[in-house]
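Hi everyone, thanks for making time. Could you bring the model up on your screens before I start?

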Amino acid sequence: MPVLCSGTMERRWVPLLLLLVPWLPGLHPCLLCFGPPIQWARLCREIARSSQKDSQHQHCLEALAEAAVPLAPVTVGSGQSEALRKIIMDALHLLEKQKDKKPFEVSLQEAIQTIWVKLSQLEQAPACIPPCGHQPAARVFQCATCRLVDCQFPVDCPVQDVWVHEDEAITLHCDVPFAVPPELQVTWMFAKDIRTQDLALFEELQRGIGEPPSLTVQDPTLGTIACRLGAASETLARKYFYLNVSGGSVEAEQGLQARFRAVLRWPRGRAPLHLTTSLQLGLVLGFVGLVLLLLLL
C-alpha cells in the first residue's frame, strides 16, 4: 500500500519550514512533526535572549537537533500518533518553564529522558504479517518522516493450488492471519478453466456481509476461485484458489488404495491370501487332469 502523508500537520507547516530552513540548520524532522518551526526558533530566542543570528541562538538549535537524532527510528501505531505529539509538546513546555531556573543543557537532558520514559509506556503496533493484505492495525507513524506508513504488501495473495476430484465437495476459507472488522463484506468469484489473478476474467458467485468467510463447492470445475475481503474500493485482501480437478470416483480410489496397503502389509515371500488360494486350486485341477489323461490312455 502507498505511504500516507500525515495530512493537515504537514500541509500547515511546510511553507513555514521552507521559510525558516536557514534559521534551523540540522533540526531533525521529528521535532517538526508536531510543532511549527517558528515555535522552536522562538524557544531558542527566548532561552538565548538574543537574535536569531547570535551564536547562542545557533547553539540552542544545534543542541535541539542533536537531542532529536535518537528519535529518528521511533515509530508508533497510527492510533498513538496523538500521544506522541503530546509527549513532544510536553517536553517543549518543560524547556520553556525551566529556561530561567536551570541551564539549557540540563533542562534539555531532562526533557529527553522524560520523552523516552513516556515512549516506553506506549502500546506497540502489531507487526506486519506477510505475504499479503492491507493491514490497517499495523499502520505506523514514522517520527523520521512525519508520515503514516502501511505494510508494504500487495493486496493480492499468491495463488494456492487445491487438488480435488470432480465428484468431491470442497470448502474454501477466505481467512487471513491479521485482524479484520467483524462485519466485513466477502465476495466470491470464479474464472473457469484458467489460472489467473486478472479480475476482469472473474464472474461473481456470491456476496455477503458478516457471513463466515467460507465457500463450499459441489462438483468442482477446473479454474480459479477468488475471494475479496472488503468492498472493491476498500479491499483488505484477495485470495486465489486454483482448482486442479481430476476424474474418477473418490470411493473407488479409496478402495484401491486400501487393497494396495493390505498387499504391502503381507510378510516378504508370502503371497496374499487370495493369490495363495488360487494357486492351490490350480495345482489340484492340474493333478486331476493328469490322472484322467492316464486313465484314458
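I'll begin with the overall fold, then visit a few strands and loops, and end with a cavity.

First, some ground rules. This is a predicted model, where local features need pLDDT of at least 70 and side-chain atom pairs count only at pLDDT 80 or more, while totals for chains, interfaces and linings use all residues. Residues are numbered from 1 along each chain as its sequence is written, and side-chain values use heavy atoms, with hydrogens and water left out.

So, the overview. The chain holds eight helices and eleven strands; helices (H or I, at least four residues) and strands (E, at least two) are DSSP runs, numbered from the N terminus. There are 297 residues, and 38% of them count as buried. Buried means under 20% relative accessible area, exposed means over 50%, and partly exposed is in between, using a 1.4 Å probe and protein chains only. As for contacts, meaning heavy atoms within 4.5 Å, take those with a separation of 6 or more: 66% of them join residues 24 or more positions apart.

Now please find β10, residues 223-229. Why is β10 described as largely enclosed by the rest of the structure? Because seven of its seven residues are buried. Both faces are covered: one side carries Gly-223, Ile-225, Cys-227 and Leu-229, and the other carries Thr-224, Ala-226 and Arg-228.

Which strands does β10 pair with? β7 is joined to β10 by seven bridges, and the two run antiparallel. Strand β11, residues 237-246, is also joined to β10 by seven bridges, again antiparallel. Two strands count as paired if DSSP finds at least two bridges between them. If you'd like landmarks, Ala-191 has Thr-224 as its bridge partner in β10, and Ala-226 has Tyr-240 as its partner in β11.

For a contrast, look at β6, residues 170-173. Ile-170 and Leu-172 make up its covered face, while Thr-171 and His-173 make up an uncovered one. β6 pairs with strand β9, residues 214-217, in the antiparallel sense over four bridges, and His-173 finds its bridge partner in Ser-214 of β9.

Let's move to the loops. Thr-196 sits between β7 (185-192) and β8 (203-209). It counts as buried because its relative accessibility is 13%. Its side chain reaches the backbone nitrogen of Asp-198 at 2.9 Å. Setting aside neighbours within four places in sequence, Thr-196 is in contact with Ala-191, Leu-201, Phe-202, Thr-224 and Tyr-240.

That loop between β7 and β8 also holds Asp-193. Asp-193 has a phi near 70 degrees, a positive value in a residue other than glycine. With a relative accessible area of 46%, Asp-193 is partly exposed.

At 32% relative accessibility, Leu-222 counts as partly exposed. Its contacts, beyond neighbours within four places in sequence, include Phe-190, Asp-193 and Tyr-242. Val-245 is 23 residues away along the chain, yet the C-alpha atoms of Leu-222 and Val-245 are separated by 5.5 Å.

Two backbone details next. Pro-130 and Pro-131 are joined by a cis peptide bond, with omega about 10 degrees, and Pro-131 lies in the loop between α6 and β3 (140-142). Then there is Cys-146, between β3 and β4 (147-149), whose phi is positive, near 60 degrees. Cys-146 is buried, at 10% relative accessibility.

Finally, the cavity. Rolling a probe the size of a water molecule over the atoms shows where empty space is left. Here a cavity is a set of points, on a 1 Å grid over the protein atoms alone, where a 1.4 Å probe fits but cannot get out; lining residues have an atom within 4 Å of a point. Points are joined across faces, edges and corners, and the volume is the space filled by probe spheres set on them.

How many cavities of 30 Å³ or more does that give? The count is one. About 100 Å³ of space lies in the largest cavity. Its lining has 14 residues, and Leu-31, Trp-40, Leu-108, Ile-112 and Ile-115 lie nearest the centre. α4 (55-68), α5 (81-97) and α6 (104-119) each supply at least two lining residues.

And what is that lining made of: nonpolar, polar or charged residues? It divides into 14 nonpolar, no polar and no charged.

Technical notes
On a 1 Å grid over the protein atoms alone, a cavity is a set of points where a 1.4 Å probe fits but cannot get out, and a pocket is an open set with protein on both sides within 12 Å along at least five of seven lines; lining residues have an atom within 4 Å of a point. Ala, Val, Leu, Ile, Met, Phe, Trp, Tyr, Cys and Pro count as nonpolar, Asp, Glu, Lys and Arg as charged, and the others, Gly among them, as polar. A polar contact is a pair of N or O atoms within 3.5 Å; within protein, one must be able to donate a hydrogen and the other to accept it, and residues adjacent in sequence count only if both atoms are side-chain atoms.
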